[in-house]
Amino acid sequence: MNDQTSVVSALAALDLDRAAALHGEAFAPFGERGWTRREIAELLASPGVAGLLLRTGDDDAGFALYRTVANEAELLTIAVRPQLRRRGAGSRLLGAVIEHAREAGATALFLEVAVDNQAARRLYDAAGFQTVGRRTAYYRRSDGAAADALVMRLTLN
Ligand SMILES: CC(C)(COP(=O)(O)OP(=O)(O)OC[C@H]1O[C@@H](n2cnc3c(N)ncnc32)[C@H](O)[C@@H]1OP(=O)(O)O)[C@@H](O)C(=O)NCCC(=O)NCCS
């Protein structure tokens, strides 16, 4: 995603509807319910949580939420609009989260990803994350199926 046409900014209260729309659109294919405006607002209001919104021109391209507590950060979610994928938006957002988490004093960034989410796993592998654990049946899809989560970690030093 071209740096000259896209901008990453802090996710603000005015962006909550946009973030909820991006989240719903991104996770529906996994049979997962998108987070509501209220749920995102509550998360953003909890200690250490912040969000980033990526825009290309006037359009929303994606967003990410992360939490930093002491020297550990956690990527809570990341989502890119389906029609804008594979153009570097996910990498750009993830890079911005890594930068902000490092600036906030974190020395490691953790995340959970469904084992069958190949796109996200490739993105995280490319960024240097390593698998450090597995949570059995962590995700419950709308059809009742369960999926394991991998726990991944990136050293930020
Ligand atoms: C995961 C996601 C954020 C990636 O966003 P994106 O803008 O497409 O990512 P990028 O274009 O920066 O891709 C970076 C690298 O990730 C890998 N990747 C991304 N999508 C991929 C796909 N569909 N298949 C294989 N590799 C993929 C590639 O290595 C890619 O580099 P390349 O295009 O040079 O080969 C996006 O697919 C998404 O929103 N998915 C739905 C929500 C989700 O699953 N979030 C993660 C939950 S843990």
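A: Begin with the terms: helices and strands are DSSP runs, numbered from the N terminus, a helix having at least four residues and a strand at least two. By that numbering, Leu53 is found in strand S2, which covers residues 49-56. Keep in mind that this is a predicted model.

Q: How many helices and strands does the protein have, and what pattern do they follow along the sequence?
A: There are 4 helices and 7 strands. In sequence order the pattern is β-α-α-β-β-β-α-β-α-β-β.

Q: How does the radius of gyration of the protein sit against that of a compact globule?
A: The rule for a globule is 2.2 Å times the number of residues to the power 0.38. For 157 residues this gives a value near 15 Å, and the protein has 15 Å, so the two agree. The C-alpha trace spans about 40 × 40 × 30 Å along its principal axes.

Q: What share of the residues is buried?
A: Buried means under 20% relative accessible area. In the protein, 41% of the 157 residues are buried. The accessible surface comes to about 8,400 Å², and carbon and sulfur atoms account for 49% of that surface.

Q: Is Leu53 buried or exposed?
A: Leu53 has a relative accessible area of 0%, so Leu53 counts as buried.

Q: Which residues does Leu53 touch, leaving out those up to four places away in sequence?
A: A contact means heavy atoms within 4.5 Å. Among the residues that Leu53 touches are Val7, Val8, Leu11, Leu22 and Phe63; the list also includes Asp15, Arg18 and Asp60. As a separate distance, Leu53 and Leu65 are 9.0 Å apart in space, C-alpha to C-alpha, and 12 residues apart in sequence.

Q: What share of the contacts joins residues at least 24 apart?
A: Taking contacts between residues at least 6 apart in sequence, the share is 58%.

Q: How many aromatic pairs does a search of the whole structure find?
A: A pair of aromatic rings is described by the distance of the centres and the angle of the planes. The search finds 3 aromatic pairs. One of them joins Phe27 and Phe30: the ring centres are 6.2 Å apart and the planes lie at 40 degrees, so the pair is tilted. Phe27 is buried at 15% relative accessible area, whereas Phe30 is partly exposed at 25%.

Q: How many positive and negative side chains are there?
A: The protein has 19 positive and 19 negative side chains. The centres of the two sets lie 3 Å apart.

How values were computed:
Residues numbered from 1 in each chain as written. Predicted model: local features only at pLDDT ≥ 70, side-chain atom pairs only at ≥ 80, totals over all residues. Heavy atoms only, no water. Buried < 20%, exposed > 50% of the residue type's maximum accessible area, 1.4 Å probe, protein only. Areas by Shrake-Rupley, 256 points an atom, 1.4 Å probe, with all protein chains shown as cover. Lys, Arg positive; Asp, Glu negative; His and termini not counted. Charge placed at Lys NZ, Arg CZ, Asp CG, Glu CD. Phe/Tyr/Trp six-rings, centres within 6.5 Å; stacked < 30°, edge-to-face > 60°.
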